[in-house]
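Please keep the sequence and the model in view while reading.

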Amino acid sequence: MICDIIRPNVGPEDSIIECEVCELSYSLEEYDILSKRHKLGYFYNEEIGIFCHECLFKIGNQLALDSGEDEYKVIVREGDKGYAMIFYKDGQS
Ligand SMILES: [Zn+2]
């Protein structure tokens, strides 16, 4: 799976960003503060939509389980940079 990091500067500070999986929502202003402390992240994927970092871990673990492989790679992109998060089917990442 490939997903893109959503940065808090995507819109006006008082607009709301919401996870489409668990409905966790924050204003972009709050997201800005929390993301700088590495406490919150939102991501986007075409199939799933917008989702939070907690759901990213749940989804990654589930995909690892479903893949039947020992490892499953989720690529997180930001602009032209990207890094891989490896999920293992035993649930450790
Ligand atoms: Zn979520």
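Two residues are in contact if their C-beta atoms, placed from the backbone, lie within 7 Å. The model is a predicted one, in which local features need pLDDT of at least 70 and side-chain atom pairs count only at pLDDT 80 or more, while totals for chains, interfaces and linings use all residues. Residues are numbered from 1 along each chain as its sequence is written.

Q: Leaving aside neighbours within four places in sequence, with which residues is C52 in contact?
A: Neighbours within four places in sequence are set aside here. In strand pairing, C52 of β5 stands opposite Y42. The contacts of C52 are C19, C22, L24, G41 and Y42.

Q: In which sense do β4 and β5 pair?
A: Two strands pair if DSSP finds at least two bridges between them. Strands β4 (residues 42–45) and β5 (residues 49–52) form a hairpin with three residues between them. Within this pair, Y44 stands opposite I50. The two strands are joined over four bridges, and the sense is antiparallel.

Q: Which residue of β4 is the bridge partner of I6?
A: Strand β4 also pairs with β1, in the antiparallel sense and over three bridges. The partner of I6 in β4 is Y42.

Q: What distance separates the end C-alpha atoms of helix α2?
A: The expected span of a helix is 1.5 Å times one less than its number of residues. For the 15 residues of α2 (residues 53–67) this gives 21 Å, and the separation of the end C-alpha atoms agrees, at 21 Å.

Q: Within what arc do the buried residues of α2 fall?
A: A residue is buried if 20 or more other C-beta atoms lie within 10 Å of its own, exposed if 12 or fewer, and partly exposed in between, with C-beta atoms placed from the backbone. In α2 the buried residues are L56, G60 and A64. The arc is that of the directions from the helix axis to the C-beta atoms. Seen down the axis, these residues line one face of the helix, because they fall within an arc of 65°.

Q: Against which strands do the buried residues of α2 pack?
A: An α-helix has 3.6 residues a turn, so residues three or four places apart point the same way. The strands against which the buried residues of α2 pack are β4, β5, β6 (71–78) and β7 (81–88).

Q: Which residues have the most contacts inside the largest nonpolar core?
A: A nonpolar core is a set of buried Ala, Val, Leu, Ile, Met, Phe, Trp, Tyr and Cys residues joined through C-beta atoms within 7 Å. The largest such core has 13 residues, and those with the most contacts inside it are C19, Y42, F43, F51, C52 and F87.

Q: Is E13 buried or exposed?
A: E13 lies in the loop between β1 (2–6) and β2 (16–18). Residues up to four places away in sequence aside, E13 touches S27, L28 and E29. Because 12 other C-beta atoms lie within 10 Å of E13, this residue is exposed.
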